[in-house]
Amino acid sequence: MEWDWAFVIQILPTLFEGVKITILATLLGSIVAAAIGLVIAIVRRSKNRIVSIPMGFVAEFIRGTPLLVQLYFIFYVLPDLGITLSPLVAGVIGLGLHYGTYTAEVYRAGIDNVARGQWEAAKACNLSSIQTWTQIILPQALPPMIPALANYFIAMFKETPLLSAITVLELMNQARSIANYNYRYIEPITLVGAFFLIISLVSVVGLRWLERRYGRID
Amino acid sequence: MGQWAGYLQLILDGAIVTIQLTLMGSALALVMAFLAGLGRLSRFAPVRWLATAYIEFFRGTSIFVQLFWAYFVLPLFGFSLTPLQAGVLALGLNVGAYGAEVVRGAIKSIGKEQYEACTALNFNRWQGLRYIILPQAFVLMLPTFGNNAIELLKASAVVSLISLTDMTFQAQVVRAQTGNTLVPFLTILVLYFAIACVITFAIRGLERHLTRGLDGIRS
């Protein structure tokens with residue numbers, strides 16, 4: 001089989017439609033993961049063991065099982081319980097939940113890095129626990145975490161092709177449908193690989209910049 | 001109840017395929033991790049470039065794309081792979097690229113005095129690596145290797161999409177035949193988690209075994 005540039009140009013617009021969905025899913029998934037991770041991290045720190053231990057187990061369970069199966073679970077099981085989600089929404093929830101358990105560890109490390117004296121000072125200033133978190137701890141803990149968080153978002157980006165398994169029309173699914181329709185696999189699948197490689201290499205450069213900008217711990 | 005026993009058997013058959021894939025993929029990943037990790041530390045620039053290209057390529061593209069490439073595109077170049085071979089190849093090469101960075105990081109973290117001691121003992125590069133550096137570095141690599149093995153186990157679910165009858169594939173079969181979604185998927189989630197726990201415990205045990213007698217020597 002020969003590489004055919006005319007075919008490449010012919011399929012590029014369709015692939016570009018897929019790229020848009022891939023990027024949309026990554027962005028939404030990142031937002032969900034960032035939020036869920038923070039919730040998991042804070043709940044796991046709770047002194048109330050009735051909430052912190054089950055949350056720890058749930059997080060470990062989600063982290064120890066495949067994203068693909070979780071996506072199937074969200075997409076096929078929840079409708080039985082009366083919750084019907086569109087494929088993209090199910091995919092974003094799956095990505096966000098799965099990577100939320102990873103980002104929770106990043107938050108945990110970042111929060112542990114805030115000096116003890118800051119907690120004591122917050123208590124001495126008579127701040128409530130909400131004020132302590134939002135005014136004292138998180139503003140100091142978040143900036144050093146940014147590179148590590150970005151790292152996971154890049155990893156998530158590379159997992160988005162899994163969404164094709166639950167019929168989201170993202171890049172991989174577009175490429176497969178082109179390949180099946182024309183019975184040419186080389187160009188679509190190679191282009192998908194090239195696209196991921198380019199975005200990943202560019203994002204590595206971005207990551208280095210984030211590390212220089214925020215990664216220092218003074 | 002009798003029919004569920006049959007379906008459970010189906011899922012357990014899939015579990016065996018998943019375990020096979022995980023073991024063979026991990027073996028390939030381990031080899032690739034050492035080859036590429038040591039390659040990046042090589043004195044010869046072309047070897048370093050080759051290792052860097054391998055690592056960046058496999059870490060930069062998605063496992064999913066690599067698997068499809070191995071299964072659908074390679075046959076067009078004359079390499080026909082069975083789904084199992086394609087799965088092991090893609091999983092092993094992908095996770096090996098991540099492992100290579102672990103190998104490199106662990107070797108780099110060994111103190112300079114150890115290398116000086118190698119020179120002082122008149123060890124050549126290979127001897128120093130084999131008897132002094134790697135035994136210390138390997139212990140540092142183990143926990144991360146354990147995590148990588150779990151990543152590989154989770155990534156192995158993807159092979160169900162190239163019609164390999166692993167656990168996820170069998171769950172889909174059971175779902176299609178019974179119309180019940182909750183039971184098969186919950187079963188395999190628990191099984192995946194159980195396998196991941198076994199990996200964690202095995203690595204922890206191995207680490208304890210290898211560091212026995214090193215207390216107080218390791219900082």
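**Entry 1: contacts within chain B**

I began with the contacts in chain B whose separation is 6 or more. Residues 24 or more positions apart account for 75% of them. I note here that the model is predicted.

**Entry 2: make-up of chain B**

Next I looked up the secondary structure. Chain B has eight helices and zero strands. I then read along the sequence and wrote down the pattern α-α-α-α-α-α-α-α.

The C-alpha atoms of chain B fill a box of roughly 70 × 45 × 20 Å along the principal axes.

How much of chain B is buried? I found that buried residues make up 41% of its 219 residues.

**Entry 3: the annotated span**

I turned to the UniProt record. Its unreviewed entry carries the annotation "domain: ABC transmembrane type-1" for residues 15-199 of chain B. I looked at that span in the model. Residues 15-199 of chain B are 81% helix and 0% strand.

**Entry 4: where chain A touches chain B**

Last, I looked between the chains. I found 29 residues of chain A in contact with 25 residues of chain B.

Which elements of chain A give two or more residues to this side? I listed helix H2 (49-64), helix H3 (67-77), helix H6 (129-159) and helix H8 (186-214) of chain A. H8(A) gives the most, with nine residues.

I also sorted the residues on the side of chain A that touches chain B. They divide into 21 nonpolar, five polar and three charged.

Technical notes
Residues are numbered from 1 along each chain as its sequence is written. Chains are lettered from A and ligands numbered from 1 in the order in which they are written. This is a predicted model: local features need pLDDT of at least 70, side-chain atom pairs count only at pLDDT 80 or more; totals for chains, interfaces and linings use all residues. UniProt positions are given in the numbering used here, feature names are shortened, and annotations may be inferred rather than shown by experiment. Helices (H or I, at least four residues) and strands (E, at least two) are DSSP runs, numbered from the N terminus. Two residues are in contact if their C-beta atoms, placed from the backbone, lie within 7 Å. Ala, Val, Leu, Ile, Met, Phe, Trp, Tyr, Cys and Pro count as nonpolar, Asp, Glu, Lys and Arg as charged, and the others, Gly among them, as polar. A residue is buried if 20 or more other C-beta atoms lie within 10 Å of its own, exposed if 12 or fewer, and partly exposed in between; C-beta atoms are placed from the backbone.
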